[in-house]
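Have the sequence and the 3D view ready.

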Amino acid sequence: MSACPDRMRPKPFSASDFRQRAMAQDPEAPGNYGDHLLNPTITDLLFSDTMHDAAVLVPVIDRGDEATVLLTQRSSRLRNHPGQIAFPGGRIDPEDKSPRHAALREANEEVGLDPTLVEIVGQMPHYMTGSGYRILPVLSVVKPDFDLVINEDEVDEAFEVPLSFLMNPANHERGSRLFQGHERFFFSMPYEQYFIWGVTAGILHMLYERLYHR
């Protein structure tokens, strides 16, 4: 008797399932993602003439049937976006061989994530931010036997959130704040004591739309 196909499928929010979804999606498929989608009336205030290229690592930790996503809380001493929740990542430097290389380098510099434990499984289209960045999200599966070393100059804390929580649209809230006299809208995904919002929540929502929304 042949095995039931359903039994051969990985669990919906496991790292194996994420890997399959990430590798199946086409990063070149048409898509327009960024802060402007929720703020079409103030696009001219959000974007500058010069956008800086950056890359972030989306690290999905292989925790069996219930994968998690590794996030960081930026140092409260930073000048830009202090204390905000973020993916490991940053600007693409001239010496970086590729956006993927930049994302791995930044993850190693910020939290000591060993690149040899990281499997790159894809990427998504650029996410345009109102702070002047064009961010390439690099999708990855991470082996769970890592030891993090926090760079306290950049990061206050690293923590994990269940992938199932982040990919549940019921947890994708919308908020707003005043920006140069205009109401600016954003996604937020509050989890325990962490307030995930802005660009990070926007990239997570993009991940949901491209990989999990059916």
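Q: How do you know which residue of strand 8 is the bridge partner of Ile 120?
A: The bridge partner of Ile 120 in strand 8 is Ser 140. Strands here are DSSP runs (E, at least two residues), and helices are runs of H or I with at least four residues, all numbered from the N terminus. The model is a predicted one, in which local features need pLDDT of at least 70, side-chain atom pairs count only at pLDDT 80 or more, and totals for chains, interfaces and linings use all residues. Residues are numbered from 1 along each chain as its sequence is written, and side-chain values use heavy atoms, with hydrogens and water left out.

Q: What makes strand 6 and strand 8 a pair?
A: Two strands pair if DSSP finds at least two bridges between them. Strand 6 (residues 118–123) and strand 8 are joined by five bridges and run antiparallel, so they meet the cut-off of at least two.

Q: In which sense do strand 2 and strand 8 pair, parallel or antiparallel?
A: Strand 2 (residues 52–61) pairs with strand 8 in the parallel sense, over ten bridges. Here Pro 59 stands opposite Ser 140.

Q: How many bridges let us say that strand 7 and strand 8 pair?
A: Strand 7 (residues 127–128) and strand 8 have two bridges, in the antiparallel sense, and at least two is what the definition asks for, so they count as a pair. Tyr 127 stands opposite Ile 135. The two strands form a hairpin with four residues between them, and Gly 132 in the turn has a positive phi of about 95°.

Q: Why is Ser 140 called buried?
A: Buried means under 20% relative accessible area, exposed means over 50%, and partly exposed is in between (1.4 Å probe, protein chains only). Ser 140 has a relative accessible area of 0%, so it is buried. In strand 8 as a whole (residues 133–142), eight of the ten residues are buried.

Q: Why is Ala 158 called partly exposed?
A: Ala 158, in strand 9 (residues 155–162), has 23% relative accessibility, so it counts as partly exposed.

Q: Which residues is Ser 140 in contact with, leaving aside its neighbours within four places in sequence?
A: Contact means heavy atoms within 4.5 Å. The residues in contact with Ser 140 include Phe 18, Leu 57, Val 118 and Val 121.

Q: Why are the buried residues of helix 2 said to be on the same side?
A: The buried residues of helix 2 (residues 15–24) are Ala 15, Asp 17, Phe 18 and Ala 22. They cover an arc of only 155° around the axis, which puts them on the same side of helix 2. The arc is that of the directions from the helix axis to the C-beta atoms. On the other side, Met 23 and Ala 24 are exposed.
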